[in-house]
Number of protein chains: 4
Amino acid sequence: MAPRRAIAVIGGNVADDAVARLAFATGQAIAQRGAALVCGGMGGVMEAAARGARAAGGVTIGILPGYDRTAANPHIEIAVATGMGHARNMIVVASADAVIALPGETGTLSEIALALTIRRPVVALGGWRDMAGVKIAESPIDAVAIALDAAAAAGR
Amino acid sequence: MAPRRAIAVIGGNVADDAVARLAFATGQAIAQRGAALVCGGMGGVMEAAARGARAAGGVTIGILPGYDRTAANPHIEIAVATGMGHARNMIVVASADAVIALPGETGTLSEIALALTIRRPVVALGGWRDMAGVKIAESPIDAVAIALDAAAAAGR
Amino acid sequence: MAPRRAIAVIGGNVADDAVARLAFATGQAIAQRGAALVCGGMGGVMEAAARGARAAGGVTIGILPGYDRTAANPHIEIAVATGMGHARNMIVVASADAVIALPGETGTLSEIALALTIRRPVVALGGWRDMAGVKIAESPIDAVAIALDAAAAAGR
Amino acid sequence: MAPRRAIAVIGGNVADDAVARLAFATGQAIAQRGAALVCGGMGGVMEAAARGARAAGGVTIGILPGYDRTAANPHIEIAVATGMGHARNMIVVASADAVIALPGETGTLSEIALALTIRRPVVALGGWRDMAGVKIAESPIDAVAIALDAAAAAGR
């Protein structure tokens, strides 16, 4: 049996209301499609996406920067404690079949770049429209559909 | 909500029948106690433990050395692709509340040592009886009980 | 005594003649200013910069993706073998007091983003002019001067 | 040109006088043989070995757990900042052609086990005599000679 399909949601560790709503709806859509949500396990976009996925009965995976599993946001079911700081960004994207990028700062940009480097499909939602190599989505449901299609096309 | 309780099972990537049976029963007992199984995601002890956990309806997490999620053994539900080679040993033990060590080689020894370094309780089963700092179990059910008690005592 | 001042040069693992010349001159200027050159240790910009630094009598440090120290390009004196694949990008920029970015692909972009995330000054040379947060240099000597000034201003 | 020959010295981050003297003499002997010293860059055995190597005019490389290069002990010339916590233990041993193990705790044990896992020769000095797979040295000069011979025999 193959591992459960997984989609990463990346974005800032602080999120305004509009972005948090986008993230919540994206997490929800991922769960509704039967995939696991992967994220960095902390606040902002990560927390809102995990909350959405849990609200829809989904599995949530947080790839944490430190060794303390309890530092995960309260919507993380599977807490992976890396102790690797920002190098855990690589693990977040590698542990997903495709990546959905919401607005964020340089940490998010590093995750987009690392994902493209190992050929994980990247879908931009609410930002990052000028990045070469990303696919543009117009809504959370659209983003998840594009991500799952791209993962399938890549044989994942 | 706190993340799901997780117990790591570590041991050789090749296992004889007796050790594989121990690993299977340990994975089974972990699932029966409601905890997630964490392992390195590959063969031998890791595969047998994951098979046991899945047979009992549990959640299995594989912390893989490479970027290829499909390299996980077929009993892994959550495939975390680190791309970090042997440095992923640190993540295996850090992502668990306690660690159960079955027979293995130097890779397993490194995991025991790393677990003790970050104060994760380590339970020895079927070997490693002479290691300072580990707790000795006489059966898989005993090992899981000791692991969960030690995790609770450590506030995990 | 503080560690030796170090400047990272990042860029593509393939480089055309013009970019290779820029990289060589940048490595040379780093050595002439008495700093160590840090790079990813492989080909393209990394090799040309290391060649330039060695030609000027400098120290060269290669942060390699694998465990094989002999995989370093022939101009690396200090070969650090991480075995961490692309996650070593984080170590390349963290091990420098400032970073000079030459043309490259998504791997280089991830290094710029990671450097900015941990507040290492980034100087763009021959590309990356539109990146928020980077300083623009017009020549290798200019780039090294800006990098050393920025490092000093940051207390490094 | 191949990278400079490098020998790691590992051991506790606290060292009593006798162990610190052993570490100092080992660092000194490494430098006198023309090899670079690799260590974890912090206190105890790491600091004493680096002090010995610098006293003999050698090159010292510190593979640090955090992102702060200035956290290195004052005898480190090349400060590699990993930000990877204990996972940097893997990089310490992988970045050397052979490893000399002085007395230490579980962190040192993890380094011995990781070194053996990737087939770096390990020489025990002042302890670790019962570890399978290590070579026993009776003095610092003896340890360095055994380490360099083992590295050469392994083609490093």
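Modeller: Happy to; what follows goes from the sheet to its helices and then on to the chain pairs.

Please keep in mind that this is a predicted model.

Strand β1 (residues 6–10) of chain A runs parallel to strand β5 (residues 98–101) of chain A, and four bridges join them.

Helix α1 (residues 17–32) of chain A packs with helix α5 (residues 140–153) of chain A at an angle of about 45 degrees, their axes being 8 Å apart. This angle makes α1(A) oblique to α5(A). The crossing of α1(A) past α5(A) is right-handed. On the α1(A) side, the residues that meet α5(A) are A:Leu22, A:Ala25, A:Thr26, A:Ala29 and A:Ile30, while α5(A) contributes A:Pro140, A:Ile141 and A:Val144. Sorted by class, this contact of α1(A) with α5(A) has seven nonpolar residues, one polar residue and no charged ones.

Chain D lets you look at the sheet from another helix. Its open sheet has seven strands in the order β4-β3-β2-β1-β5-β6-β7 (chain D), paired in parallel. In chain D, strand β1 (residues 6–10) and strand β5 (residues 98–101) pair in the parallel sense over four bridges. Here D:Ala8 has D:Val99 as its bridge partner in β5(D). Helix α2 (residues 45–55) of chain D packs on the sheet and touches β1, β2 (36–39) and β3 (60–64) of chain D, with a direction at about 170 degrees to that of β2(D).

Next, the chain pairs. Chain A can be laid on chain B by a turn of 180 degrees and a shift of 0.0 Å along the axis, with an RMSD of 0.0 Å. That is the relation of a two-fold axis. Both copies use the same surface, since 100% of the contact residues of chain A recur in chain B.

Chains B and D bring another helix into view. Helix α4 (residues 106–117) of chain B packs with helix α4 (residues 106–117) of chain D at an angle of about 160 degrees, and their axes are 8 Å apart. The two helices, α4(B) and α4(D), are therefore roughly antiparallel to each other, and their crossing is left-handed. Among the residues of α4(B) in this contact are B:Leu109, B:Ser110 and B:Ala113, and those of α4(D) include D:Leu109, D:Ser110 and D:Ala113. By class, the contact of α4(B) with α4(D) has eight nonpolar, eight polar and no charged residues.

Finally, a rotation of 180 degrees with 0.0 Å of shift along its axis superposes chain D on chain B, with an RMSD of 0.0 Å. The C-alpha of D:Ser110 is the one in chain D nearest the axis, at 2.2 Å from it.

How values were computed: Residues are numbered from 1 along each chain as its sequence is written. Chains are lettered from A and ligands numbered from 1 in the order in which they are written. This is a predicted model: local features need pLDDT of at least 70, side-chain atom pairs count only at pLDDT 80 or more; totals for chains, interfaces and linings use all residues. Side-chain values use heavy atoms; hydrogens and water are left out. Axes are lines fitted to C-alpha atoms, for helices over the stretch in contact, and angles run from 0 to 180 degrees between N-to-C directions. Angles under 35 degrees count as roughly parallel, over 145 as roughly antiparallel, 65 to 115 as roughly perpendicular and the rest as oblique. A crossing is left-handed if the near helix is turned anticlockwise from the far one by less than a right angle, and right-handed if clockwise. Contact means heavy atoms within 4.5 Å. Ala, Val, Leu, Ile, Met, Phe, Trp, Tyr, Cys and Pro count as nonpolar, Asp, Glu, Lys and Arg as charged, and the others, Gly among them, as polar. Two strands pair if DSSP finds at least two bridges between them. Copies are superposed by least squares on the C-alpha atoms of residues with pLDDT of at least 70 in both.
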